[in-house]
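Visitor: Please take a close look at the charged side-chain pairs and at what surrounds them.

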Amino acid sequence: MTNAVLIGIFYLFASISPVHAAEDYVIFSLDTEFQAISINKARKLYRGKTKRLNGKRVELSDWPENSTERKDFYQLLLGKNTAQMNAHWAGLSFSGKARYPREIKTASIESLINWLNDKPNRIGYSPLSSVPENANIIYTISSEK
């Protein structure tokens with residue numbers, strides 16, 4: 001094989017494989033009263049099947065629709081892509097069973113923290129590497145299967 005063919009094959013495979021490695025995500029609040037939850041409770045929370053934790057009604061956040069954080073989070077937690085989750089939430093919202101998580105304005109941890117700071121019953125998610133020190137982590141989603 002010539003070098004040109006080998007380089008072409010390399011670029012073909014490089015373009016197919018994911019460029020970044022997935023990282024762990026956490027579900028957290030700034031309210032220290034929330035206790036750790038199970039994987040089943042975390043899934044119910046982000047499927048709209050439960051609205052309360054520790055007896056408190058919670059408000060969920062979501063990253064902007066086209067963000068990597070949103071895509072990675074739902075894939076890791078529920079095995080769903082963004083379009084599938086939008087359809088899921090639309091059905092729940094239309095039937096009156098649940099409300100969409102609140103979409104933060106920009107894909108930044110600062111926007112999420114500002115939103116969480118307004119009320120103690122708010123819950124968000126982010127990559128583990130972005131979580132502030134004062135966060136109360138209630139569930140960690142490992143990127144390793």
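Guide: Of the contacts in the protein chain with a separation of 6 or more, 73% join residues 24 or more positions apart (a contact means heavy atoms within 4.5 Å). This is a predicted model, in which local features need pLDDT of at least 70 and side-chain atom pairs count only at pLDDT 80 or more, while totals for chains, interfaces and linings use all residues. Residues are numbered from 1 along each chain as its sequence is written, and side-chain values use heavy atoms, leaving out hydrogens and water.

The average pLDDT of the protein chain is 83, and 84% of the residues score at least 70; pLDDT is the predictor's confidence in each residue, from 0 to 100. Residues 3-21 stay under 50, and the model gives this stretch four contacts beyond four places in sequence. Where pLDDT is low, the predicted coordinates should not be read in detail.

The protein chain holds five helices and seven strands (DSSP runs numbered from the N terminus: H or I of at least four residues for helices, E of at least two for strands). Along the sequence their order is α-β-α-β-β-β-α-α-β-α-β-β. Of the 145 residues in the protein chain, 41% are buried. Buried means under 20% relative accessible area, exposed over 50%, and partly exposed in between, with a 1.4 Å probe and protein chains only.

Now the pairs themselves. The whole structure has eight salt bridges (a side-chain nitrogen of Lys or Arg within 4 Å of a carboxyl oxygen of Asp or Glu). Side chains of opposite charge can pair when their charged atoms come close.

One of these salt bridges joins K56 to E33, with 3.5 Å between the closest N and O atoms. K56 belongs to strand β3 (residues 56-57) and E33 to the loop between β1 (25-29) and α2 (39-46), so the pair ties together parts that are 23 residues apart in sequence. K56 is partly exposed at 24% relative accessibility, and E33 is exposed at 55%. In the loop between β2 (52-53) and β3 sits N54, which has a positive phi of about 50° although it is not a glycine. The relative accessible area of N54 is 42%, which makes this residue partly exposed.

K71 and D72 form another salt bridge, at 3.3 Å from N to O. K71 is partly exposed, with 43% relative accessibility, whereas D72 is buried at 14%. Helix α3 spans residues 68-78 and is mostly covered, with eight of its eleven residues buried. Those eight are E69, R70, D72, F73, Y74, L76, L77 and L78. Just after α3, G79 has a positive phi of about 70°.

R122 pairs with D118 in a salt bridge, the closest N and O atoms lying 3.8 Å apart. R122 is buried at 9% relative accessibility, while D118 is exposed at 59%. Both belong to a network of salt bridges that also links E59 and K119. K119 lies in the loop between α5 and β6 and is partly exposed, with a relative accessible area of 39%. K119 and L30 are separated by 89 residues in sequence, yet their C-alpha atoms are 9.0 Å apart in space.

Helix α5 itself covers residues 109-118, with I109, S111, L112, I113, W115 and L116 buried. An α-helix has 3.6 residues a turn, so residues three or four places apart point the same way. The buried residues of α5 pack against β1, β4 (59-62), β5 (102-103) and β6 (122-127).

E59, a member of the network, also lines the largest pocket: among its 17 lining residues, R57, V58, E59, R99 and Y100 lie nearest the centre. A pocket is an open set of points on a 1 Å grid over the protein atoms alone where a 1.4 Å probe fits, with protein on both sides within 12 Å along at least five of seven lines; lining residues have an atom within 4 Å of a point. The volume of the largest pocket is about 340 Å³, counted as the space filled by probe spheres set on points joined across faces, edges and corners. Its lining has seven nonpolar, four polar and six charged residues. Ala, Val, Leu, Ile, Met, Phe, Trp, Tyr, Cys and Pro count as nonpolar, Asp, Glu, Lys and Arg as charged, and the others, Gly among them, as polar.
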